[in-house]
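Good morning, and thank you for joining this group meeting.

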Amino acid sequence: MGRGAGILRVAGLTGLVATTILTTVTVLTPPVAPPPAADLDRADAYVAQVESRMAQRAEAALDAVTVKVVFPPDRPLRVLLVGDAITLGSSASTEGTRYRSLLAAGLESKGPVELTVLASSATGGTLKTDELAARLPARKAFDLVLVMVGTNEAATADLAGFTAAYPGLVSAIRAASPTAGLLCLGAWGDKKSTAEFDRLAEDACGRNQGRFRPLNGLFQSEKNRWADKKLPDGRATDNFFPSDLGHAAIAKTIQAALRFPDPKGAPQSMADQRVH
């Protein structure tokens with residue numbers, strides 16, 4: 001090579017190839033011994049405690065809104081109906097379509113029942129609620145008491161008379177039957193005319209460990225009254241008192257408010273009873 005000739009250097013590029021090798025590794029672990037029997041017993045006890053607390057809470061929730069009914073093992077269930085003309089069967093076409101008859105049939109499907117009815121029709125347009133307390137059966141405690149008064153007072157707007165009489169009636173019932181299930185029903189009529197009467201009844205009933213169910217919603221439905229003011233056999237009536245369907249609706253309202261403890265622990269209700 002002559003003078004001034006340069007040297008050509010060529011840089012070589014080397015390609016790098018990365019190779020991944022997958023390897024399966026089996027990890028052997030020693031068998032785990034089962035927990036001691038004492039630990040299992042403690043776990044079972046804890047689960048049982050949790051289930052018991054949940055059942056108690058469910059029972060308390062039901063007690064707050066329903067009436068618990070327990071059939072005595074050695075005698076019939078003693079039931080007292082305290083009411084007015086509707087409890088006597090006003091405007092029902094037959095004895096069998098009265099709400100009290102439908103209720104009795106539903107109860108008797110659960111066990112033997114001894115039914116007592118204490119009811120008074122209107123006198124001078126006003127039900128003498130205060131007289132009912134004096135006529136409560138003496139020396140006899142009941143297992144279930146249903147109170148349905150106030151319709152006539154609501155119809156005549158006699159709130160003062162009802163206020164003076166109703167709390168005393170409910171208190172007398174509780175004193176005579178301290179362990180009875182107590183269900184109070186509202187007055188039969190529209191919501192406007194019954195609102196104050198129902199408020200007072202609900203308050204008095206609650207203070208005596210009872211539950212309350214209004215009836216004015218049933219009254220609003222025309223099918224629950226005789227719209228044409230005639231019974232099926234042609235006899236004249238009015239369109240205020242309940243029709244046969246109205247009596248059935250009252251019975252269903254009562255049935256839905258009652259529950260019967262199941263021997264296995266599951267609460268039962270009469271709500272599924274079909275009333276025809």
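Let me begin with a definition: helices (H or I, at least four residues) and strands (E, at least two) are DSSP runs, numbered from the N terminus. Before going further, please note that this is a predicted model, in which local features need pLDDT of at least 70 and side-chain atom pairs count only at pLDDT 80 or more, while totals for chains, interfaces and linings use all residues. Residues are numbered from 1 along each chain as its sequence is written, and side-chain values use heavy atoms, with hydrogens and water left out.

With those terms in place, asparagine 224 is found in the loop between α8 (216-220) and α9 (244-257). Is asparagine 224 buried or exposed? Its relative accessibility is 5%, so asparagine 224 counts as buried; here buried means under 20% relative accessible area, exposed over 50%, and partly exposed in between (1.4 Å probe, protein chains only). Contact, in this talk, means heavy atoms within 4.5 Å. Beyond its neighbours within four places in sequence, asparagine 224 has contacts that include Trp188, Leu218, Phe241 and Pro242. Leu245, Gly246 and Ala249 are also among them.

Now to the chain as a whole. The protein chain has 9 helices and 8 strands. Of its 276 residues, 38% are buried. When contacts between residues at least 6 apart in sequence are considered, 73% join residues at least 24 apart.

I turn next to helix α3 (residues 99-108). Because 7 of the 10 residues of α3 are buried, this helix is largely enclosed by the rest of the structure. The buried residues are Tyr99, Arg100, Leu102, Leu103, Ala104, Gly106 and Leu107. Their cover includes β2, α2 (85-88), β3 (113-119), β4 (144-148), α9 and β7 (258-260).

How do α3 and α9 lie relative to each other, and at what angle do they cross? Their axes come within 8 Å and cross at roughly 40°, the axes being lines fitted to C-alpha atoms, for helices over the stretch in contact, with angles running from 0 to 180 degrees between N-to-C directions. The two helices are therefore oblique to each other; angles under 35 degrees count as roughly parallel, over 145 as roughly antiparallel, 65 to 115 as roughly perpendicular and the rest as oblique. Tyr99, Leu102, Leu103 and Gly106 in α3 meet a set of α9 residues that includes His247, Ala248 and Ile254. By class, this contact of α3 with α9 has 7 nonpolar, 3 polar and no charged residues. For these classes, Ala, Val, Leu, Ile, Met, Phe, Trp, Tyr, Cys and Pro count as nonpolar, Asp, Glu, Lys and Arg as charged, and the others, Gly among them, as polar.

The contact of α6 with α7 has 10 nonpolar, 1 polar and 2 charged residues.

Finally, I draw your attention to leucine 77, which is found in strand β2 (residues 77-83). Leucine 77 is buried, with a relative accessible area of 0%. Its contacts include Val69, Phe71, Leu107 and Asp143. Leucine 77 and aspartate 143 are 66 residues apart in sequence, yet 6.3 Å apart in space, C-alpha to C-alpha.
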